[in-house]
Amino acid sequence: MSNFNCPNCGGSLDYKGELTTMRCPYCNSSVVVPQEVRAAATAAAVGEGVKKMAPMVKYFIIFMIVITVVPTCIGLFFALIGTVVGIAAPILVVILSFIGR
Ligand SMILES: [Zn+2]
């Protein structure tokens with residue numbers, strides 16, 4: 001809640017800033033913003049900051065997955081090729097030695 005009533009005229013004031021005082025648009029008097037209103041506004045600002053951070057955390061997690069999973073997949077791919085070549089090469093050599101006779 002960042003709304004409070006002007007102590008001078010009772011008008012509804014919407015507090016947005018960080019200042020300790022603001023001017024009432026109804027009676028044009030300088031109003032001291034109550035501590036709880038300022039605390040609530042600060043808490044709301046922190047909440048907004050966390051909301052803004054959330055997508056960045058998501059991108060960071062995606063980034064971490066990409067830099068760990070992708071090299072692992074590439075490594076497994078080459079390991080698989082190495083295994084296939086390692087098995088196929090001696091078989092090919094044997095087959096070629098039979099053909100060569
Ligand atoms: Zn007022």
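**View 1. Asn 3 in strand β1.** Asn 3 sits in strand β1, which covers residues 3–5; strands here are DSSP runs of E with at least two residues, helices are runs of H or I with at least four, and both are numbered from the N terminus. This is a predicted model, so local features are described where pLDDT is at least 70, side-chain atom pairs count only at pLDDT 80 or more, and totals for chains, interfaces and linings use all residues. Residues are numbered from 1 along each chain as its sequence is written. Asn 3 is exposed, with 10 other C-beta atoms within 10 Å. The cut-offs: a residue is buried with 20 or more other C-beta atoms within 10 Å of its own, exposed with 12 or fewer, and partly exposed in between, with C-beta atoms placed from the backbone. Leaving aside residues up to four places away in sequence, Asn 3 touches Ser 12, Leu 13 and Asp 14; a contact means that the two C-beta atoms, placed from the backbone, lie within 7 Å. Val 37 is 34 residues from Asn 3 in sequence, yet the C-alpha atoms are 7.2 Å apart.

**View 2. Leu 13 in strand β2.** Move along to Leu 13, found in strand β2 (residues 12–14). Is Leu 13 buried or exposed? Leu 13 counts as buried, because it has 21 C-beta neighbours inside 10 Å. Its contacts, not counting residues up to four places away in sequence, are Asn 3, Phe 4, Asn 5, Cys 6, Met 22, Cys 24 and Val 31. Leu 13 and Val 33 are 20 residues apart in sequence, with 9.6 Å between their C-alpha atoms.

**View 3. Asn 28 in a loop.** Asn 28 lies in the loop between β3 (21–23) and β4 (30–32). Its phi is positive, about 60°, although Asn 28 is not a glycine. Most residues other than glycine have a negative phi. With 9 C-beta neighbours inside 10 Å, Asn 28 counts as exposed.

View 4. Helix α1 takes in residues 35–99, 65 residues in total. At 1.5 Å a residue (times one less than the number of residues), the helix should span 96 Å, and its end C-alpha atoms are 93 Å apart, which agrees. There is a bend of about 25° at Met 53, and Pro 55 follows within four residues; the bend is the angle between axes fitted to the seven residues ending at a residue and the seven starting there. How many residues of α1 are buried? The number is 0, so α1 lies largely in the open.

**View 5. Thr 83, out along the helix.** Thr 83 belongs to helix α1. Thr 83 is exposed, having 10 other C-beta atoms within 10 Å. From Thr 83 to Ser 12 is 71 residues in sequence and 75 Å in space, C-alpha to C-alpha.

**View 6. Zooming out to the chain.** The protein chain has 1 helix and 4 strands, running β-β-β-β-α from the N terminus. Its C-alpha trace spans about 110 × 20 × 15 Å along the principal axes. The radius of gyration (over C-alpha atoms) is 34 Å, while a compact globule of 101 residues would have one near 13 Å, by the rule of 2.2 Å times the number of residues to the power 0.38. Mean pLDDT, the predictor's confidence in each residue from 0 to 100, is 90 for the chain, and 99% of its residues reach 70 or more.
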